[in-house]
Amino acid sequence: FNGPRIGYKYIDQDTGWRGVIATNGKDFFNIADKYPISLILHSDIHLNSGVATLRSFESIAAGNLVISDNHEFMRENFKDSVLYIDIEAPAEEMVKQVEQHMEWVKNNPKEAMQKAQRAHQIFLEKFTLEDNLLKIARMHEKILLDEKNDKSR
């Protein structure tokens, strides 16, 4: 588990908690290389705002297979390229769902890799900074052209 210590009050602090991963653009990718499956559980703030946590994007960008809660944004954008758990279920059921996903990955490594690759491809198509900057530039050009056409009428 990584994150603020207070967020993992039921985890053995000596063996289960690993601290906060720096957001420096490299530490997470070093960890992701070592642990290719990410379990993403969004905070209430993320769930209520409809915005996924940055760790979701980092995990998918790193090529990890993601197991996520039923976050609306994740389902809408990544569909079945991510595995999901029901965070409305009792804790024991959530643990069982994660265990079932891990068993599926163990028994279906090729399909699991394909799922992670599909998520990565969706990330590249929809969420890279370069792509979004190009979309913004095209939108800006269209607005300028529309304004020019409106003035000439």
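The paragraphs below walk through some local features of this structure, which is a predicted model.

Side chains of opposite charge can pair when their charged atoms come close. The structure holds 2 salt bridges. One of them joins the side chains of E58 and R55, with a nitrogen-to-oxygen distance of 2.5 Å. Both residues belong to helix α3, which covers residues 54-61, and because they are 3 residues apart there, about one helical turn separates them. E58 has a relative accessibility of 11%, so it counts as buried, since buried means under 20%. R55, at 21% relative accessibility, counts as partly exposed.

T53 sits in the loop between α2 (44-49) and α3. With a relative accessible area of 15%, T53 is buried. Which residues does T53 touch, leaving aside those up to four places away in sequence? The contacts of T53 are I40, H42 and H46.

The backbone of K79 has a positive phi of about 40 degrees, although K79 is not a glycine. Is K79 buried or exposed? Its relative accessibility is 52%, so K79 counts as exposed, the limit for that class being over 50%.

The remaining features involve helix α7, which spans residues 129-152. A salt bridge links D146 with K142, and their closest N and O atoms are 2.8 Å apart. D146 and K142 both lie in this helix, 4 residues apart, or about one turn of the helix. D146 counts as partly exposed because its relative accessibility is 33%.

Helix α7 also holds I143. This residue is partly exposed, with a relative accessible area of 41%. I143 takes part in a nonpolar surface patch of about 500 Å², together with L129, L133, I136 and M139.

Notes. Residues are numbered from 1 along each chain as its sequence is written. This is a predicted model: local features need pLDDT of at least 70, side-chain atom pairs count only at pLDDT 80 or more; totals for chains, interfaces and linings use all residues. Side-chain values use heavy atoms; hydrogens and water are left out. A salt bridge is a side-chain nitrogen of Lys or Arg within 4 Å of a carboxyl oxygen of Asp or Glu. Helices (H or I, at least four residues) and strands (E, at least two) are DSSP runs, numbered from the N terminus. Buried means under 20% relative accessible area, exposed over 50%, partly exposed in between (1.4 Å probe, protein chains only). Patches are made of residues with over 30% relative accessible area and no salt bridge: like charges are joined within 9 Å, nonpolar side chains (Val, Leu, Ile, Met, Phe, Trp, Tyr) within 5 Å. Accessible areas come from the Shrake-Rupley method with a 1.4 Å probe; for residues, only the protein chains shown count as cover. Contact means heavy atoms within 4.5 Å.
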